[in-house]
Amino acid sequence: MPSDGGVRVADRPPSAPRIEVGKQVAGDVVIDIQNLSLTFRTADAPIHALSQINLQVHSGEFVSLIGPSGCGKTTLMRIVADLEKPTAGEVKVNGMSPAEARLKRAYGYVFQAPALYPWRSVLGNVTLPHEIIGISRSEREEKARRYLDLVGLKGFERKYPWQLSGGMQQRVSIARALSFDPAMLLMDEPFGALDEITRDRMNEELLSIWRKTGKTVIFVTHSIDEAVLLSTRIVVMSARPGRIVEVIDSTLPAERNIETRDSPAAVDLAHRVRLGLKAGHSYDD
Amino acid sequence: MTETAMNGRPRALSPRGRVLPVVVIVCAIIVLWYLLATALNWAQVEERLSNDPMSTSVATMIDGTWSMEHPVLPAPHQVLAEFWKTTFEMSPTSKRSLVYHAWITASATMLGFAFGAILGMLLAAGIVHVRTLDRSLMPWIIASQTVPILAIAPMIIVILGSIGMVGLVPKAIISMYLCFFPVTIGMVKGLRSPDPLQLDLMRTYSASTWAVFWKLRMPASIPFLFASMKVAIAISLVGTIVGELPTGANGGIGARLLSGSYYGQTVQIWSALLMASLLGSAMVYVMGGIERLTLRHMGAPR
């Protein structure tokens, strides 16, 4: 595999298995992004949404994309999910094109909003992916119940979305993304609309889900605290054009909880993220 | 205080709060109707009584305007009496029974509505999924509604009759022609109503167009569909009645209107109109009931 021009990813052979910070063992490369660019044509001037992105994500990693609004972090993830097409460069997901990976249902996507179907019960929303894939009713309901239990919504199966709070709705959407057991979770600011108390609890729950399932997670956020607490690697991005400024390996232990955020290592990590954002002129104007 | 409770959801009005405004409006209409009947029938009564100077007191005059056999505008009690007589005091199988005619109209309306709703839904599904259909069909669908179908409906009935189509079907065709339009418009809007995230979600599952239609677009369109079907069924009734006008012999509310106007039976016309409006209200009401049941089944807040 050719070496790329990435900031930190370039200084290790990408395909070799390696030991991640903490005790997390990272496996093969599951996402490989080479020289990726995306330019939107508009009436006046072209907008460089993403420019020369190089990034590799290994199996089992929790990678956060952080940056100011308009830095293309959501767009980058949508390209991985084949919801958007790049104008240049190459993306491989599990060694395939994003379109092939999507057809093989390689990932579960959690959107900014829960995007639940209001005419379906909580259980009906979580069984939706399996209904489309074509799994028997008993099996998909059993799986759905298991993941609803995992996100702490046991007993809410028969409720409808409007009967749940925003945090509960987002947990339903996480259970829905987990329900068909994809190896990868793509999460686009899933807790962005929640209040801070709910968000803290959701962060802890997500950490425990990630530990239990060992999935690869790509997590878009604009909260430094959230990125520090959750990630094994933090990708700092900047806007105009959207590019990667720095990739920071987490120095936090694998066992984390909400208090870990106040530890010296976490404070130091947050400081480094801030410096990275500053270097990308994220605090200008 | 207001109809809206603290939590922002509408609170059911007390029975008195619901009934009072209706009673007030009905009373106002009845009073106005009596006044109009007096004003419009006055000249005829005056003419008839001019030979008899003894009975020209205002009271007899007013009484006369409310009890004519062929009034310009019959008084409400005359219409109600005729309505009662032809609805409840006659066998429903008799050709003089309003129930008999209402049934003929109702069955043609429901047939036409069923045709129209199915046609409307099929067109909407085609328009949403095939871009060329969107471009090519939509202008024709809109143009179709600019044809004054109510004006040419009698001719269409006569033409269809001459090629052997008689009975319910020609009337149902007129009513279908009128009522598919709101269904198409509402359904297209409904099928396009899912937000981008809900559609993206389907894409992440690599769902087929078929699955997107049945699991997302169709359920999302149901509230829109019912709103337009309520409009459509009322229009469908109008279409059927117009379709009945030229074929008086086959019966129906339209035939009642026609024979009433032949013989100057204004009381009969008005009681047929009353029946038509009751029929229309009942159909819209039933549709509303089906809507409530369906939406409740789909988890809507009660």
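Val80(A), Leu186(A), Ile218(A) and Val273(A) touch the most other members of the largest nonpolar core, which has 83 residues. A nonpolar core is here a set of buried Ala, Val, Leu, Ile, Met, Phe, Trp, Tyr and Cys residues joined through C-beta atoms within 7 Å. A residue is buried if 20 or more other C-beta atoms lie within 10 Å of its own, exposed if 12 or fewer, and partly exposed in between, with C-beta atoms placed from the backbone. Strand S3 (residues 29-40) of chain A gives the most to this core, with 6 residues. A second, separate core of 47 residues includes Ala108(B), Phe113(B), Ala232(B) and Val267(B). In soluble globular proteins, nonpolar side chains tend to be buried together.

The model is predicted: local features need pLDDT of at least 70, side-chain atom pairs count only at pLDDT 80 or more, and totals for chains, interfaces and linings use all residues. Residues are numbered from 1 along each chain as its sequence is written, and chains are lettered from A and ligands numbered from 1 in the order in which they are written.

### Chain A as a whole

Chain A contains 8 helices and 11 strands; helices (H or I, at least four residues) and strands (E, at least two) are DSSP runs, numbered from the N terminus. Of the 285 residues in chain A, 47% are buried. Among the contacts in chain A with a separation of 6 or more, 70% are between residues 24 or more positions apart. Two residues are in contact if their C-beta atoms, placed from the backbone, lie within 7 Å.

Leaving aside residues up to four places away in sequence, Val273(A) touches Ile66(A), Ile224(A), Ala227(A), Val228(A), Ile234(A), Val236(A) and Ile248(A).

The mean pLDDT of chain A is 86, and 90% of the residues score at least 70; pLDDT is the predictor's confidence in each residue, from 0 to 100. Where pLDDT is low, the predicted coordinates should not be read in detail.

### Strand pairing in chain A

Two strands pair if DSSP finds at least two bridges between them.

| Strand | Partner strand | Bridges | Residue pair |
|---|---|---|---|
| S3(A) | S4(A), residues 47-58 | 8 bridges | Leu36(A) opposite Ile53(A) |
| S3(A) | S6(A), residues 88-93 | 5 bridges | Gln34(A) with Glu90(A) |
| S10(A), residues 233-238 | S11(A), residues 243-249 | 6 bridges | Arg233(A) with Asp249(A) |

S3(A) and S4(A) form a hairpin with 6 residues between them. S10(A) and S11(A) also form a hairpin, with 4 residues between them, and Arg240(A) in its turn has a positive phi of about 45°.

Asp32(A) lies in strand S3 of chain A. Asp32(A) counts as buried because 20 other C-beta atoms lie within 10 Å. Not counting residues up to four places away in sequence, Asp32(A) touches Gln56(A) and Lys92(A). Asp32(A) and His58(A) are 26 residues apart in sequence, with 8.8 Å between their C-alpha atoms.

### Contact between the chains

On the chain A side, 18 residues are in contact with 16 residues of chain B. Helix H2 (98-103) and helix H3 (122-133) of chain A are the elements that give two or more residues to this side. H3(A) gives the most, with 3 residues. By type, the residues on this side of chain A divide into 15 nonpolar, 1 polar and 2 charged. Here Ala, Val, Leu, Ile, Met, Phe, Trp, Tyr, Cys and Pro count as nonpolar, Asp, Glu, Lys and Arg as charged, and the others, Gly among them, as polar.

### Chain B

The domain assignment of chain B gives domain 1 (15-73) and domain 2 (98-297); such bounds come from an automatic or database domain assignment. The centres of these two domains, taken over C-alpha atoms, are 38 Å apart.

Leu133(B) has its place in helix H5 (residues 131-144) of chain B. Leu133(B) counts as partly exposed because it has 14 C-beta neighbours inside 10 Å. Gly126(B) and Ile127(B) are touched by Leu133(B), not counting residues up to four places away in sequence. Leu133(B) and Leu123(B) are 10 residues apart in sequence and 8.8 Å apart in space, C-alpha to C-alpha.
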